[in-house]
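Visitor: I am new to this structure. Please show it to me, and let me ask a few things.

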Amino acid sequence: MKLAADLHIHSCLSPCADDNMTPGNIVAMAALKGLDVIAIADHNSAGNLRSAAAAAADAGMLLLPAIEANTREETHVLCYFETLSQAEQLGEWLYERLPPVPNSSTLFGNQFYIDIDDGIVASEPRLLISAADCSLEELVAFTRRLGGVAVPAHVDKPANSILTNLGFIPPDLQLKTVEIRGEQPPAGCEGYAFLRSSDAHTLGDILERVFFIDAQQRGLSAIIREISQ
Ligand SMILES: [Zn+2]
Ligand SMILES: [Zn+2]
């Protein structure tokens, strides 16, 4: 079954995303664009995923719980899970490893927590885009221990990509899938499957029906299985 997907979207909890990137607005835009499954992947946090899952359920859309982690190597890695609590456990683990640098909303933007009525309930005081004090290897291992799958983010971008920062994808990590923003994976990704997603920070950036996951069923476990293989 082919599911139209965009598995890398930032909510307004990410300082770099627009303030109107609430879970409700993201789900509404994704529905307009005809997507079947989305992932909201904020920097180092699962804080808006419960509201996002509620909004997606109301719209009959699948929400794959995700976080875009930033490791000590300044490498961005998408971590996908079947359940909210798995993603939240990674969120707590990352938060403990984030440097105690306060966010400056004037410099970086707001970090809003959104409730299930799509209203702002709080602001995160700590800057979420910092690198967590964990290695890429530790992040991948912990994500797997929780039952999730790690996917190096935007490997075709010059910043915060595993290829730019390490020069290669360490084979020891035994990763299967990488993420790209363009249409074709760059050199260095031979043999890897790929996800194509928007890394949207604005509503308009969310993908149209241009990338499909071929899952055995319409469900999160089937999608996780597909990305892991
Ligand atoms: Zn990134
Ligand atoms: Zn991102």
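Guide: A term to begin with: a residue is buried if 20 or more other C-beta atoms lie within 10 Å of its own, and exposed if 12 or fewer do. Keep in mind that this is a predicted model.

Visitor: What percentage of the residues of the protein count as buried?
Guide: The protein has 229 residues. Its helices number six and its strands eleven. Counted as buried are 47%.

Visitor: What radius of gyration does the protein have, and why does it agree with a compact globule?
Guide: The C-alpha trace spans about 45 × 40 × 30 Å along its principal axes. For 229 residues, a compact globule would have a radius of gyration near 17 Å. The protein agrees with that, because its radius of gyration is 16 Å.

Visitor: Which residues have the most contacts inside the largest nonpolar core?
Guide: Nonpolar side chains tend to be buried together in soluble globular proteins. Here the largest nonpolar core holds 66 residues. Those with the most contacts inside that core are I40, A66, C79, Y80 and V151.

Visitor: Which residues is C79 in contact with, leaving aside neighbours within four places in sequence?
Guide: Two residues are in contact if their C-beta atoms lie within 7 Å. With neighbours within four places in sequence set aside, C79 touches A66, I67, A69, L90, T143, G148 and A150.

Visitor: Which elements do the buried residues of α2 pack against?
Guide: Helix α2 covers residues 49–59. Its buried residues are L49, S51, A52, A53, A55 and A56. They pack against α1 (23–32), β2 (37–43), β3 (62–63), α3 (84–97) and β6 (112–114).

Visitor: Is H154 buried or exposed?
Guide: Most residues other than glycine have a negative phi. H154 is not a glycine, yet its phi is positive, about 30 degrees. H154 sits in the loop between β8 (149–152) and α5 (162–166). It has 23 C-beta neighbours inside 10 Å, so H154 counts as buried.

Visitor: And where is D199?
Guide: D199, a residue other than glycine, has a positive phi near 55 degrees. D199 is buried, because 21 other C-beta atoms lie within 10 Å. Its place is the loop between β10 (193–196) and β11 (212–214).

Key
Residues are numbered from 1 along each chain as its sequence is written. Chains are lettered from A and ligands numbered from 1 in the order in which they are written. This is a predicted model: local features need pLDDT of at least 70, side-chain atom pairs count only at pLDDT 80 or more; totals for chains, interfaces and linings use all residues. Helices (H or I, at least four residues) and strands (E, at least two) are DSSP runs, numbered from the N terminus. The radius of gyration is taken over C-alpha atoms; the globule rule is 2.2 Å times the number of residues to the power 0.38. A nonpolar core is a set of buried Ala, Val, Leu, Ile, Met, Phe, Trp, Tyr and Cys residues joined through C-beta atoms within 7 Å.
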